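Please keep the structure open beside them as you read.

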Amino acid sequence: MTAALETERLGMRFGRSWALRDCTVSLPAGAVVALVGPNGAGKTTLMNLVCGLLRPTEGRVRVFGEDADSGSAEALARVGFVAQEHPLYRGMTVAELLRMGRALNPRFDRNLAEMRLGALGIPLDRRAGALSGGQQAQVALALALSKRPELLVLDEPLASLDPVARRDFTRTLMSAVAEDEVTVLLSSHVIADLEAVCDRLLVLDHGTVRLDGAIDDVLAAHRMISGPREAAADVPGVVRAVHSERHSDLLVRTGVEAESLQHVLHPTWQEHPVGLEELILAYLEQSAVTR
Ligand SMILES: Nc1ncnc2c1ncn2[C@@H]1O[C@H](COP(=O)(O)OP(=O)(O)OP(=O)(O)O)[C@@H](O)[C@H]1O
């Protein structure tokens, strides 16, 4: 089956610095992917490459098998993009934005956009600049979804939204995923938001891929264990260790076979599953320490 998104040793350099390097990932169609990483990790750069807004310095990026920077009308029509701060033409009314969307995109479904915005009580005759931040985000999402894209790329769409607006945005997104089977690449710094909608994780740090996989598989392949400090050095696959005088808390990569840990651990070690936020932070902290 063709992957929705495939990158092969993808790299992007600005001047002398690499924003993204050696990035090889394959995202299956229908996945909802959480793109996570600290400021400057390369998330926006990857998204711009996926949308064909940047040409890679090295490597390739393919969307449904076609080079993302081919510039073909078909490739552009397949991807919906909501950039950071969801920019809109502020002087135009919502109705004018929808007309423009229709004129620019052959598959644009204006009824769908009006239905979604109507359900949220967003007036079509209001200028975009006079809408609240949450309403602007909803308009940007409705415009992107009404293109009927096969891949939807959302760069920190929730950043400026209050909790109710975040929930409304997430609901709109989830219903679109359920109805249209669209593949989604969604970045955010708020892991709880991502956990609610995403089934796959891609962690970037300093331009390189730190973790990539289905969230369930990634969580199943890690354990948090607590036990005597003097035995901590014998534990294999430690991602992150926090020691007190006598005690150690370790995040360990166990592979898919979590039982394998039992063979090496002293019975006094206690084991418990790891949460997504804890896991991501552990990888990012480990990476910060080893640099
Ligand atoms: N147009 C550009 N010119 C020069 N450097 C750039 C450009 N765009 C990005 N960079 C650099 O590339 C690196 C990655 O930036 P990018 O915006 O992709 O990170 P990010 O993960 O999206 O960060 P944030 O979470 O802060 O939005 C940073 O060091 C940034 O300064």
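**Notes on the predicted model**

1. Let's begin with the surface. The accessible surface of the protein comes to about 14,200 Å², and carbon and sulfur atoms account for 50% of it. Please bear in mind that this is a predicted model.

2. Now for the overall picture. The protein has 291 residues, and buried ones make up 49% of them. Along the principal axes, the C-alpha atoms fill a box of roughly 70 × 40 × 35 Å. You will find 10 helices and 14 strands in the protein.

3. A word on contacts and charge. Taking contacts between residues at least 6 apart in sequence, 67% join residues at least 24 apart. On the charge side, there are 30 positive and 38 negative side chains, and the centres of these two sets lie 7 Å apart.

4. On to the sheets. As a reminder, strands of a sheet pair through backbone hydrogen bonds, either parallel or antiparallel.

5. Strand β3 (residues 32–36) runs parallel to strand β8 (residues 183–187), and 4 bridges join the two. V32 has V184 in β8 as its bridge partner.

6. A214 deserves a point of its own. This residue is found in strand β10 (residues 208–214). Leaving aside neighbours within four places in sequence, A214 is in contact with D199 and R200. The C-alpha atoms of A214 and V33 are separated by 8.6 Å, with the two residues 181 apart along the chain.

7. Next comes another open sheet. Its 4 strands follow the order β12-β13-β11-β14, with antiparallel pairing. Why is one side of β12 (238–243) and of β14 (270–272) left without a neighbour in the sheet? Both stand at the edges and each has a single partner strand, so there is no neighbour on one side. Neighbouring strands of this sheet are turned by 20° against each other on average, again ignoring direction.

8. Let's follow β13 through this sheet. On one pairing, β12 and strand β13 (residues 247–253) are antiparallel over 5 bridges. They form a hairpin, with 3 residues between them.

9. Finally, which strand is joined to β13 by 7 bridges? That is strand β11 (residues 222–228), and β11 and β13 run antiparallel. Here S226 has D249 in β13 as its bridge partner. Putting the pairings together, β13 is bridged to β12 and also to β11, in keeping with the strand order β12-β13-β11-β14.

Definitions and conventions. Residues are numbered from 1 along each chain as its sequence is written. This is a predicted model: local features need pLDDT of at least 70, side-chain atom pairs count only at pLDDT 80 or more; totals for chains, interfaces and linings use all residues. Side-chain values use heavy atoms; hydrogens and water are left out. Two strands pair if DSSP finds at least two bridges between them. Axes are lines fitted to C-alpha atoms, for helices over the stretch in contact, and angles run from 0 to 180 degrees between N-to-C directions. Buried means under 20% relative accessible area, exposed over 50%, partly exposed in between (1.4 Å probe, protein chains only). Contact means heavy atoms within 4.5 Å. Accessible areas come from the Shrake-Rupley method with a 1.4 Å probe; for residues, only the protein chains shown count as cover. Lys and Arg count as positive and Asp and Glu as negative; His and the chain ends are not counted. The place of a charge is taken as NZ of Lys, CZ of Arg, CG of Asp or CD of Glu.
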